Amino acid sequence: MNETAGNRLRRPHSRLAFGLAGVLSLALAAPGLAGTLDTVKQRGTLNCGVSEGISGFSDQDAQGHWSGFDVDFCRAVAAATLGDPEKVAFTPLSASARFEALKSGKVDLLSRNSTWTLGREAELGLAFAGITYHDGQGFLANRALGVDGALELDKAKICVESGTTTQLNLADFFRANSITYEEKAFPNAAEAFAAFESGTCDVLTRDQSALYGERLRLARPADAVVLPDVISKEPLGPVVRNDDFAWFNVVKWVNFALVNAEELGISSAAIDEALKSQKPDVRRFTGAEGDFGKALGLAPDWAIRAVKATGNYAEIYERNLGTGSKLAIPRGLNQLWNMGGILYVPAVR
């Protein structure tokens, strides 16, 4: 073989480049070879972390049955991956314990009103699989204070859960507006609420969605008011570890599927109609066309299973948070993009 000096010099470099590329490719592919999805299938149960109790999001009744917006998302993932929405083991987690429980493998998925931030992804090694609820931090104030807005809370005593973005946002808001407050920090939401209820604080601050439920828990709900101010962006969504892209994809696309189902008019009561539809986008969604389930490691009808189990996004929202619930929270930003909101997700195709 004739080989020039230049070729001889380039060849080792080419081998090195190929070797590095190959290692990188294997490293990226490895999680999908034997990752969380396989573990969940072998176990036969999805381990899902939820809150210790937020009205409308995750509640446990006296019989031990869980319900709520975040709970329904866990059931949708179980239906898509295991074919049964009841194959979920719920683990109630405090704000301070939630991310460590996920990182350690105690839960496969965290569906617990968690705000998507750069720090949580980059520093904690986590990945948010989209947004399920666009929220914002607000204030529940004792009506006796006589205030109509957050800027009137100068020198107020404010209860807040420690170790949360809520605590950081509170400090930022008062500093930015050159007003003062007295912080009363508590290790969990239950203690913060109890302190507000007992009069230790004048105001309770949390995600505004949670405050509607907290107000209803008071002995005299009419004595408190949720102020109209929203002082932060709180994009809430499901969280997984960042070392398993295949599992991240599954959770992300279940999220997208629930929104797509609403947009396509596919509800839990219209499954049979969807299965008979000849519309290309509906047929792709149901698994009648394309091979998208296989690409995710799921059955062809994974998306329709999720909707059949919990309903589409609108059904989940209305049942737990909207007009069909005791909270009656307007959908607002959580309306579809073509209905005045900002819910906009990629299509199944």
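## The sheet

Helices (H or I, at least four residues) and strands (E, at least two) are DSSP runs numbered from the N terminus, and two strands pair if DSSP finds at least two bridges between them. The model is predicted, so local features need pLDDT of at least 70 and side-chain atom pairs count only at pLDDT 80 or more, whereas totals for chains, interfaces and linings use all residues. Residues are numbered from 1 along each chain as its sequence is written, and side-chain values use heavy atoms, with hydrogens and water left out.

Five strands make up an open sheet of mixed pairing, in the order β10-β9-β11-β8-β12. Because β10 (181-186) and β12 (224-226) stand at the edges with a single partner strand each, one side of each has no neighbour in the sheet. From one strand to the next the twist averages 25°, where axes are lines fitted to C-alpha atoms, for helices over the stretch in contact, and angles run from 0 to 180 degrees between N-to-C directions.

Strands β8 (residues 137-142) and β11 (residues 203-207) pair in the antiparallel sense over five bridges, and A141 has V203 in β11 as its bridge partner. Helix α8 (residues 208-217) packs on the sheet and touches β8, β11 and β12, its direction making about 130° with that of β11; contact here means heavy atoms within 4.5 Å.

## Pockets

On a 1 Å grid over the protein atoms alone, a cavity is a set of points where a 1.4 Å probe fits but cannot get out, while a pocket is an open set with protein on both sides within 12 Å along at least five of seven lines; lining residues have an atom within 4 Å of a point. A volume is the space filled by probe spheres set on the points, which are joined across faces, edges and corners.

The largest pocket holds about 300 Å³ of space. Of its 20 lining residues, H134, D135, G136, L333 and N334 are the closest to the centre, and the elements giving two or more residues to this lining are β7 (133-135), α8 and β13 (234-236).

The second largest pocket has a volume of about 170 Å³, and its lining includes N142, F196 and R220.

## Cavities

There are three cavities of 30 Å³ or more, and the largest cavity contains about 220 Å³ of space. Among the 20 residues lining the largest cavity, N113, E161, T164, T166 and D207 are the closest to its centre. Strand β11 gives the largest share of this lining, four residues.
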